[in-house]
Amino acid sequence: MTSKNSHFVAPMEETPLLATDALKTDEAPLSLWADAWRKLRRRPLFIISALLILALTVIALFPGLLSTVAPNDGCELGNSEGGPAAGHPFGFTFQGCDIYSRVVHGTQASLSVGVLSVICVLIVGVTFGALAGFYGGWLDTVLARLGDIFFALPLILGALVITQLPVFRANKSVWTVVMVIALLSWPQMARITRGAVVEVRNADFVTSARALGVSKFGTLVRHVLPNALAPVIVLATLELGVFIVAEATLSFLGIGLPEGVMSWGHDIAAAQSSIRTKPEIMLYPAAALSITVLSFIMLGDAVRDALDPKSRQR
């Protein structure tokens, strides 16, 4: 009889090493960005959202490829709330304008406001957050209190107040909406950047750079910021969809883009009078807005999962 404490080990010749057990020592380790791109390429969520955003970008840059009718041309009251017809697949608005053409041309304004707002928020938020997180001290305190002031202003409510100022009310344009959104949205970006910079600034490679004589500002730009951009990129991707919704909301309320600029918010507001008789007049611009925002939210989720190890499902 064998004892209870006996252990049996198979001979080595019966358990050969598998090919997967071999270590590849001749390959360089992947960087954060290379590893993230490798993961993104295999995610259906990223592929679908990227294709949708690519299609929306093409529509925004070249609306004439999909619509040969100008959105404000050919508006006849005789076609008011008319159904689909040849060359007008979505029918007509209350003013007799082609809904399909207005939806296509409205893509340009929405994407322009979203992209430009994100760029402005990145410039202001990343600059303030990086300086506050790296240098600390009184600069961190001042920028933190300044951010708290703007945090106290909700985006839509703050925009309602700011756009009523004479300088904004007399100069309605895409840039006006971009400035208002960026003015009220940079603190979140600054706070995320500050936290990422604080986490990186005490790393060994930063200490080595300082020991080699690199200036503080040079260390921040060349070593700290590149390693702190992952959460910033994730937030920027998610906020792009938020800013598109903000533009549509402001235009819906009549304080966003001027009337001459095609906007889904304008079309949704104008369709209120037809919501009971012809709900599809509101449905088409609302669906375009929803698909656009959903595309950027899906892209942000995919990028977050690829760049943030804590959010990955194991």
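A residue counts as buried when its relative accessible area is under 20%. Keep that cut-off in mind as you work through this predicted model.

**Exercise 1.** Find what share of the residues in the protein chain is buried.

*Solution.* Start with the chain length, which is 314 residues. Next, apply the cut-off of under 20% relative accessible area to each residue. Buried residues come to 40% of the chain.

**Exercise 2.** Count the helices and strands in the protein chain.

*Solution.* Going along the sequence, you can read off the pattern α-α-α-α-α-α-α-α-α-α-α-α. The count is 12 helices and 0 strands.

**Exercise 3.** Work out how helix α7 and helix α10 pack.

*Solution.* Two things describe a pair of packed helices: the angle between their axes and the distance between the axes.

Step 1: locate the helices. Helix α7 covers residues 174-200, and helix α10 covers residues 230-252.

Step 2: take the geometry. Their axes are 11 Å apart, at an angle of about 160°. Angles over 145 degrees count as roughly antiparallel, so α7 is roughly antiparallel to α10. The crossing of α7 past α10 is right-handed.

Step 3: look at who touches whom. On α7, the contact residues include Val177, Ile181 and Ile192, while those on α10 include Leu235, Phe243 and Leu250.

Step 4: sort the contact by class. Between α7 and α10 you will find 12 nonpolar, 3 polar and 2 charged residues.

Technical notes
Residues are numbered from 1 along each chain as its sequence is written. This is a predicted model: local features need pLDDT of at least 70, side-chain atom pairs count only at pLDDT 80 or more; totals for chains, interfaces and linings use all residues. Side-chain values use heavy atoms; hydrogens and water are left out. Axes are lines fitted to C-alpha atoms, for helices over the stretch in contact, and angles run from 0 to 180 degrees between N-to-C directions. Helices (H or I, at least four residues) and strands (E, at least two) are DSSP runs, numbered from the N terminus. Angles under 35 degrees count as roughly parallel, over 145 as roughly antiparallel, 65 to 115 as roughly perpendicular and the rest as oblique. A crossing is left-handed if the near helix is turned anticlockwise from the far one by less than a right angle, and right-handed if clockwise. Contact means heavy atoms within 4.5 Å. Ala, Val, Leu, Ile, Met, Phe, Trp, Tyr, Cys and Pro count as nonpolar, Asp, Glu, Lys and Arg as charged, and the others, Gly among them, as polar. Buried means under 20% relative accessible area, exposed over 50%, partly exposed in between (1.4 Å probe, protein chains only).
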